Amino acid sequence: MNALEPRSSQLDGWTFWELDSVASTNLFAARLPAWSAVRADTQSAGRGRFDRKWVSDRGGLWLSAVVPTRAASLRFLPLLAGLAVCDVARQLGADHVRLRWPNDVMVLDRKLAGVLFDHFKPGLAVIGIGLNVSNHPAIEDASLKNQAVRLADILPSPVACEALTTPLLGRLRALVESWNLGETGLLLSRVNALWDRPRRVELELNGVSRAGWFAGVDEDGKLLLSDDLGVSASYNPEQVLQLIETHE
Ligand code: BTN
């Protein structure tokens, strides 16, 4: 497909753009209306959280979705994307996927997918999903050799990015609509079932670190941390520069 002439089609309630290459699908999505989605084969400037670079080589699923938001939901939306990825991966037979706060999808200690949430316009959120499928991220960044995992490493048969897009967008739409209708309790418990708790963690905040037991998230998507005396504190994703799982 010619990158200079992006084309859209209708896909299960989404206006869907497919590109060969783009700087970042989230930035492309910034100007699109609700229920638009964009997938690119490669990203030349894929973005991770905290302005980190996201390696986006061919063979991975680089997808952004524009969804309507309700005021209170902003921090919970990225968790719905993680839940959608887990649901689709499990349908394909990847039984051991789990979440790592705030919204990484993991298999054991390796990262399968990451989610980047952007809020460019009031009332709309862009949810970017980067899912390693059959790409080779360690070729570009050797440190990913022991940190990343791909669907190709854990599924018995190969799956194409194109075949993942429709179920993933379908799942995401159902979850976001359910959240926007106020069905928060069920979704909160579904997300909280995916953390692989109890887990000892260390949080790197701005200049200080905090250790404790990860206790899931609340309705605002805040991390709940309890200390050994059972005292709880909560943290926003922007406050926590890094969460280290300490395996105690
Ligand atoms: C992270 O774990 O740091 C988030 C990674 C998010 C990567 C995806 S790929 C599709 C979308 N476009 C981007 O530039 N980033 C997100």
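Analyst: Two strands count as paired if DSSP finds at least two bridges between them; helices (H or I, at least four residues) and strands (E, at least two) are DSSP runs numbered from the N terminus. Numbering starts at 1 along each chain as its sequence is written, and side-chain values use heavy atoms, with hydrogens and water left out. The model is predicted, so to speak only for itself: local features need pLDDT of at least 70 and side-chain atom pairs count only at pLDDT 80 or more, while totals for chains, interfaces and linings use all residues.

User: Okay, sheets then. In what order do the strands of the 8-stranded sheet sit?

Analyst: In general, strands of a sheet pair through backbone hydrogen bonds, either parallel or antiparallel. Here, the open sheet of 8 strands goes S1-S2-S3-S4-S8-S7-S6-S5, and its pairing is mixed. S1 (7–11) and S5 (97–100) are the edges; each has a single partner strand, so one side of each has no neighbour in the sheet. From one strand to the next the twist averages 25 degrees (axes are lines fitted to C-alpha atoms, for helices over the stretch in contact, with angles from 0 to 180 degrees between N-to-C directions).

User: How many bridges join S1 to S2?

Analyst: There are 5, and S1 runs antiparallel to S2 (residues 14–22). Across that pairing, Gln10 faces Thr15 and Arg7 faces Glu18. S1 and S2 make a hairpin with 2 residues between them, and Asp12 in the turn has a positive phi of about 45 degrees.

User: Which helix lies across S1 and S2?

Analyst: That's H5 (residues 161–180), which also lies across S3 (36–43), S4 (61–68) and S8 (124–131), at about 25 degrees to S4. Contact here means heavy atoms within 4.5 Å.

User: Now the ligand. Which residues come nearest?

Analyst: A residue is near if one of its heavy atoms lies within 4 Å. Of the 19 residues around the ligand, Ser24, Gln43, Arg47, Arg49 and Lys111 come nearest. For polar contacts, look for N or O pairs within 3.5 Å (within protein, one must be able to donate a hydrogen and the other to accept it, and residues adjacent in sequence count only if both atoms are side-chain atoms). An oxygen atom of the ligand is 2.7 Å from an N or O atom in the Ser24 side chain, and one is 2.7 Å from a polar backbone atom of Arg49. A polar side-chain atom of Lys111 lies 2.6 Å from a ligand oxygen. Alone, the ligand exposes 420 Å², and the protein buries 97% of that (Shrake-Rupley, 1.4 Å probe; for residues, only the protein chains shown count as cover).

User: How many aromatic pairs are there?

Analyst: Rings of Phe, Tyr and Trp (its six-membered ring) pair with centres within 6.5 Å; planes under 30 degrees apart are stacked, over 60 edge-to-face, the rest tilted. This structure holds 5 pairs. Trp14 and Trp35 have ring centres 5.2 Å apart and planes at 80 degrees, so that pair is edge-to-face. Trp14 is in S2 and Trp35 in the loop between H1 (25–29) and S3, 21 residues apart.

User: Where is the cis peptide bond?

Analyst: Most residues other than glycine have a negative phi, and most peptide bonds are trans. Here a cis bond joins Trp101 and Pro102, with omega about 5 degrees; Pro102 is in the loop between S5 and S6 (104–107). Trp35, not a glycine, has a positive phi of about 65 degrees.
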